[in-house]
Amino acid sequence: MPYVADDDRYAGAMTYRRCGRSGLDLPAISLGLWQNFGGADVFETGRAVLRRAFDLGVTHFDLANNYGPPYGSAEQNFGRVMEADFRPYRDEMIISTKAGYDMWAGPYGNGGSRKYLLASLDQSLKRMALDYVDIFYSHRVDPTTPLEETMGALITAYRQGKALYVGISSYSPELTREAQAILKAEGVPLLIHQPSYSMLNRWVENGLLGTLEELGVGCIAFSPLAQGMLTNKYLGGVPEDARAAKGGSLSSKWLTDDNLQRIRALNDIAARRGQSLAQMAIAWVLRDPRITSALIGARNVAQLEDSLAALNRLDFSSDDVAEIDRYAEEGGIDIWKQSSTVKPEEIA
């Protein structure tokens, strides 16, 4: 049966927030395809998640060139869904992609060079069967490439119409200011910053959010569930089928006794609020009006629906916030710190 979007997709719990000083609204919760949508995953499961997300008002789908595994396969699978299901709804969607991390062999498949970013964007458009993306990001700081060159590539993509907006990810407050100034001087607005942010990774509160507010730049927080640590999955240890047991981006060494004790305490608070831990973790990120959207992943439709139910309880009393702050401390899980701590004087 051909896919027909739910007529009530904008009449449910989803709300939309203005992205900085722009005309663009994003859903309070966006869907990222970092995990679970690659060639190593079951295509129809990912397709069902994408369709259900759109039916529930999720209009923003976030990708990157090397999402998979293997690299590029998440974009390819999204392109299949675009062709089969989403084509009639393209103008209702915000689709983003990024380049900056390792993608292909040789000297031109990594980093922040003009050569890499623009070649990667062309490849991404082909994989996703798109003429343009809504947002194109510099995925990380590359200290070996002048910032003017990296921002210049974003400017070219914007002027060519291959990206309607541009963004950056995991940049420090200082480099965010410099990037914004370079773009502004060329008449290109910096729409959005995508940092990691969760109750176990609070670095954005130390200057970045204030900088974004001052500059009029939106913020979409990725990994609000700390790659699954802020769910009920690890309350009793590490299950054999969990991501932490398989290695990769989530290391089992982060599940220290101290982190697990704090996660269990946060779970107790969530239960008293009538939420799952995951729902509270997403709501907590969204408590700050400077956060435009929380970017989640989903392994299946049930997990997606559970996460979206965070929108049913976004309020936090002062007592809630104070109690959460007792346990919401840095957990040593920020694997993107190498990018977000690069200083301007360290750039080539």
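Reader: Which residue stands opposite Ile220 in E10?

Author: Ser293 in E10 stands opposite Ile220. Before going on, please note that this is a predicted model, in which local features need pLDDT of at least 70 and side-chain atom pairs count only at pLDDT 80 or more, while totals for chains, interfaces and linings use all residues. Residues are numbered from 1 along each chain as its sequence is written, and side-chain values use heavy atoms, with hydrogens and water left out.

Reader: And how many bridges pair E9 with E10?

Author: Strand E9 (residues 218–222) and strand E10 (residues 293–296) pair in the parallel sense over 3 bridges; two strands pair if DSSP finds at least two bridges between them, and strands (E, at least two residues) and helices (H or I, at least four) are DSSP runs numbered from the N terminus.

Reader: What do the strands close into?

Author: In the order E3-E4-E5-E6-E7-E8-E9-E10, 8 strands close into a barrel with parallel pairing.

Reader: Switching to helices, at what angle do H1 and H9 cross?

Author: Helix H1 (residues 43–55) and helix H9 (residues 301–308) cross at roughly 30 degrees, their axes coming within 9 Å; axes are lines fitted to C-alpha atoms, for helices over the stretch in contact, and angles run from 0 to 180 degrees between N-to-C directions. H1 and H9 are therefore roughly parallel to each other, a term for angles under 35 degrees.

Reader: Which residues make that contact?

Author: Ala48, Val49, Arg52 and Ala53 of H1 meet Val301, Leu304 and Glu305 of H9, where contact means heavy atoms within 4.5 Å.

Technical notes. Angles under 35 degrees count as roughly parallel, over 145 as roughly antiparallel, 65 to 115 as roughly perpendicular and the rest as oblique.
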